[in-house]
Amino acid sequence: MDSLTSTATTKKTDAAASSRETLTITDNRTGKSYDVPITHGTIRAMDLRQIKTDPADFGMMSYDPAYNNTASCISRITYIDGDQGILRYRGYPIEELAEKSTYLETAYLLLYGELPNEKQLKDWTWHISHHTFIHESIKKFLDGFHYDAHPMGMMISTIAALSTFYHDAKDILSEESRKKQTYRMIGKMPTIAAFAYRHTLGMPFVYPDNELSYPGNFLNMLFRTSETRYHPNPTLERALDILFILHADHEQNCSTNVIRGVGSSHVDPYSATAAAIAALYGPLHGGANEEVVRMLHEIGSVQKVPDFIKRVKAGETKLMGFGHRVYKHYDPRARIIKRVAYEVFELMGKNPLLEIALECERIALEDEYFVKRKLYPNVDFYTGLIYQSMGFPTTMFPVLFAIPRTSGWIAQWQELLLDPEQKIARPRQIYLGTSRWKSVPENFPAARHTREVSRCTPVPQFRSCCLRLSTVDYELVFSCLPFPRTNCRPAERCGIVKASENSMAELPNNPANAAHRRRSQRVLMQLSVRIYGVDTQGKPFDEECDTLAINAHGALRTGPRNATLHHQGRTGV
Ligand code: ACO
């Protein structure tokens, strides 16, 4: 085939292929058909908006509670094939990373896209280990917690508090700032975690030893007592490092979705990470490892496992550590963890709960209920047993998840910020609440209005006064700060607000008019406001103010000059 023919054939094939890469949707309400492009096996939800019954129609949306089948981003960090049980970070299989790399190398890989060379690793390790110390005030902050405070609660609050120490973190669009916060976050997480643990024991805090490895230093801060130098046990140090590698990232899981969602508001990374830790804390997510050990204790013995499984099948309880939204096959991390568990047990002695766990797994893997639902052990099923054997209390288990997940969170947060397609996360809803226009009863709630009026008694320096505004449907109280007249008298002398509604209020959720309905959810009513009365010189005044627009939450959209709204009544439809 000559090159011309070849090019023509290729073009033809491309055109045929691209015309096949569409989805044709026929709307049976209108009989119209739409061709929607398919890219990466996905259609864009925004392409559905062109599907309308009439020009005023908002357009079609997709409904996907819990994002069962919705891609919220394009990512190049972590790949999971849930049916095959495959997990790769930046193309590297998790099994190989667990065998050949360290957590810090893996964190670098997640953040920068490739494993570090020798120099990069040296620099990276230096930067992380030189950001392990925390401000002395954070120690005081931790001291404020009760002795039995859950360490995850302490982590959430303390990481959020870091944002008050590092103001440069707000500069999220600066690469330099993001790098700095990354060092700080990865460096300080183990320190804060260890300090939280020591606080619950009433033990003095142990400062970081930057000569030790990342997991070695963590063990030092947790367990060092009177030794001048702590030497971590190499088996435990490596076991912890492997567990950290396995937990470093897991694409769009609940907490990662949270850091992306919160980060999309452009808040600083400490506040966004605190939100992610909160999501991880839940028993359906990173809190599951804690729940597994509780469950195994509750079962009590191998003989009682069949009874417990019966209760699970009857829907009375869950087999914690089993099941996964994405993995419909053995979680590859659970396989590696099971091997690590035996290495730790060899050193520390077998965990008495292991036999119960193995029996649960044996029965579940053969039982129709679990097989049919593709429920396999997940990452949390065996981690708790390892952590327990290493001497950690159960409350520390989710913390041991949060520390390594920080690198994944930051990598995903950064990817979000650099993605020009991303905007503030803001899903749609299907509103099925009442469409009836409701009126707040006359004088509702009278007592609160009275309180508000007295609270707003004018203070000389503000010369504020409260005025009540009555409309047919609502009662609102707002105050003028400062009052437009310089020498205004107390409220009762200042007059009354006169309100007149415009047509917007007359469009209450008219089901026949979709466009009006949507508009009325945004702006519930508009009021033009007049203020009149007598000033201190006895001169009457009568002023037209700006238009006041009130949305469904009672918020003031555009206010009269000098006026702030103290919303009192309920305005929701
Ligand atoms: N024990 C018993 N039944 C289960 C379990 C379980 N652990 N997990 C799921 N099922 C059942 C559900 O009841 C449901 O049954 P049904 O079809 O008869 O209603 C079916 O399996 C499908 O479960 P869903 O809840 O739809 O699965 P989903 O993807 O929403 O939930 C989750 C995944 C939250 C992980 C769930 O399997 C679970 O709660 N597991 C236990 C908690 C756990 O181990 N969490 C850690 C997950 S890994 C991580 O986050 C790090």
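Residues are numbered from 1 along each chain as its sequence is written, and side-chain values use heavy atoms, with hydrogens and water left out. In this predicted model, local features need pLDDT of at least 70 and side-chain atom pairs count only at pLDDT 80 or more, whereas totals for chains, interfaces and linings use all residues.

Helix α7 covers residues 175–201, helices being DSSP runs (H or I, at least four residues) numbered from the N terminus. Its end C-alpha atoms lie 39 Å apart, in agreement with the 39 Å that its 27 residues should span at 1.5 Å a residue, where the expected span is 1.5 Å times one less than the number of residues. A bend of about 35° occurs at lysine 188, followed within four residues by proline 190; the bend is the angle between axes fitted to the seven residues ending at a residue and the seven starting there. Because 21 of its 27 residues are buried, α7 is largely enclosed by the rest of the structure, buried meaning under 20% relative accessible area with a 1.4 Å probe, protein chains only. Just after α7, glycine 202 adopts a positive phi of about 75°.

Serine 389 is located in helix α17 (residues 380–389) and, with a relative accessibility of 14%, counts as buried. Apart from residues up to four places away in sequence, serine 389 touches Val344, Phe345, Met348, Gly349 and Asn351, contact meaning heavy atoms within 4.5 Å. With the same exclusion of neighbours within four places, leucine 296 is in contact with Leu353, Ile356, Ala357, Cys360 and Leu385.

Methods:
Helices (H or I, at least four residues) and strands (E, at least two) are DSSP runs, numbered from the N terminus. Buried means under 20% relative accessible area, exposed over 50%, partly exposed in between (1.4 Å probe, protein chains only).
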